[in-house]
Amino acid sequence: MKILILNCSPVRIGATGKICSLIAEGLSETHEVKQVCIDDYSFAFCTGCRLCHETGKCVLKEDGADQLAKEMEKAEAIVCVSPSYWADVPGQFKAFIDRMTLYSNTHDPHASLGDSKLGFSAVLRTGSSRKECERLQETISHFYSHLDILSLAGVSMTEVENREDVDKYANELEAFVRTIKNVLAEAVRIRRIAAFEKLYDDLKKAVERNDVSDHTEEIMKKLSAYYETDWKEDFEADESGRIPQKMKRGVLSEDGLYDLLEAYEEQRS
Ligand SMILES: Cc1cc2nc3c(=O)[nH]c(=O)nc-3n(C[C@H](O)[C@H](O)[C@H](O)COP(=O)(O)O)c2cc1C
């Protein structure tokens with residue numbers, strides 16, 4: 001599988017760079033890995049013109065932001081590794097996120113990076129509180145979610161100022177690489193669960209609104225077919241801990257899907 005590791009720090013060979021290399025080393029035993037740094041790309045700031053909200057295209061001249069987006073497009077999995085700069089991601093990476101608004105699923109039409117990708121994050125900071133790391137994880141997950149990248153696992157490191165400080169996280173990083181490998185081995189299943197989770201949410205909303213239409217019938221048929229086929233295997237995979245904790249999976253809750261299909265049937269009749 002093609003994996004892109006993005007060093008979100010403008011420092012190529014600092015602590016963040018070392019973490020990127022360690023992750024790349026572990027993953028390249030079994031996968032095709034490309035490492036890039038946000039500082040490899042030079043690009044203009046988003047001007048906030050919002051034209052991409054209507055067109056799915058950016059009016060700015062093609063630059064490094066488009067090149068980096070192309071790298072993301074080529075990858076099936078993405079690992080963002082970010083230090084804390086003022087309690088959030090570095091400005092360079094934030095500026096890139098802004099430039100990706102043309103890809104945001106909050107507007108239609110929007111550009112697409114292709115089939116939903118698998119997303120991972122590693123964050124680090126010099127201070128000791130983990131709360132700040134959660135904020136960085138949140139920023140990256142938010143970015144992923146609007147690009148239809150599934151946010152599947154993350155690791156947080158505190159009290160890291162320079163490359164040497166990374167050594168104390170050797171075990172955590174090894175475990176993180178193992179987690180990524182396990183998730184990638186279940187990629188087909190994970191994408192399937194994510195797709196049915198979306199339909200499950202849509203039908204739940206339709207039931208709340210008392211909505212019965214051709215569209216909801218279509219969703220119901222797909223969910224019923226899933227329940228009769230792969231659902232049990234996915235449920236068991238979840239029970240045996242093979243589905244990442246971070247993943248939203250109401251569709252796999254013991255009676256959730258069965259009850260929802262019943263509720264929809266009742267509403268229809
Ligand atoms: C401009 C700047 C702002 C920073 N802000 C924070 C911060 O708010 N909280 C924190 O814990 N560490 C902060 N740090 C420390 C970095 O997160 C830490 O040194 C990290 O290891 C830097 O990795 P790098 O050298 O690979 O970029 C900051 C560092 C810089 C250069």
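**Helix packing, sheet and ligand shell**

User: At what angle do α1 and α6 pack?

Analyst: Helices (H or I, at least four residues) and strands (E, at least two) are DSSP runs, numbered from the N terminus. Axes are lines fitted to C-alpha atoms, for helices over the stretch in contact, and angles run from 0 to 180 degrees between N-to-C directions. The axes of α1 and α6 lie 9 Å apart, and the packing angle is about 45°.

User: What pLDDT do side-chain atom pairs need to count?

Analyst: Residues are numbered from 1 along each chain as its sequence is written. This is a predicted model, in which totals for chains, interfaces and linings use all residues, local features need pLDDT of at least 70, and side-chain atom pairs count only at pLDDT 80 or more.

User: Which residues of α6 meet α1?

Analyst: Contact requires C-beta atoms, placed from the backbone, within 7 Å. From α1, I19, L22, I23, G26 and L27 take part, and they meet α6 at L173, E174, F176, V177 and I180.

User: How many residues of this contact of α1 with α6 are nonpolar?

Analyst: Ala, Val, Leu, Ile, Met, Phe, Trp, Tyr, Cys and Pro count as nonpolar, Asp, Glu, Lys and Arg as charged, and the others, Gly among them, as polar. The contact of α1 with α6 has one charged residue, one polar and, as nonpolar, eight.

User: Which strands stand at the edges of the sheet?

Analyst: Strands count as paired if DSSP finds at least two bridges between them. The open sheet has five strands in the order β2-β1-β3-β4-β5, with parallel pairing. Each edge strand has a single partner, so one side is left without a neighbour in the sheet; these strands are β2 (32–37) and β5 (149–157).

User: Which residue in β4 stands opposite C80?

Analyst: Strand β3 (residues 77–83) pairs with strand β4 (residues 117–124) in the parallel sense, over seven bridges. Opposite C80 stands the β4 residue S121.

User: Which helix gives the most to the shell around the ligand?

Analyst: The ligand is surrounded by 18 residues, and the closest are S9, G14, T16, R125 and G127. By class, the shell has eight nonpolar, seven polar and three charged residues. With three residues, the helix that gives the most is α1 (residues 15–27).

Technical notes
Near = placed C-beta within 6 Å. Contact = placed C-beta atoms within 7 Å.
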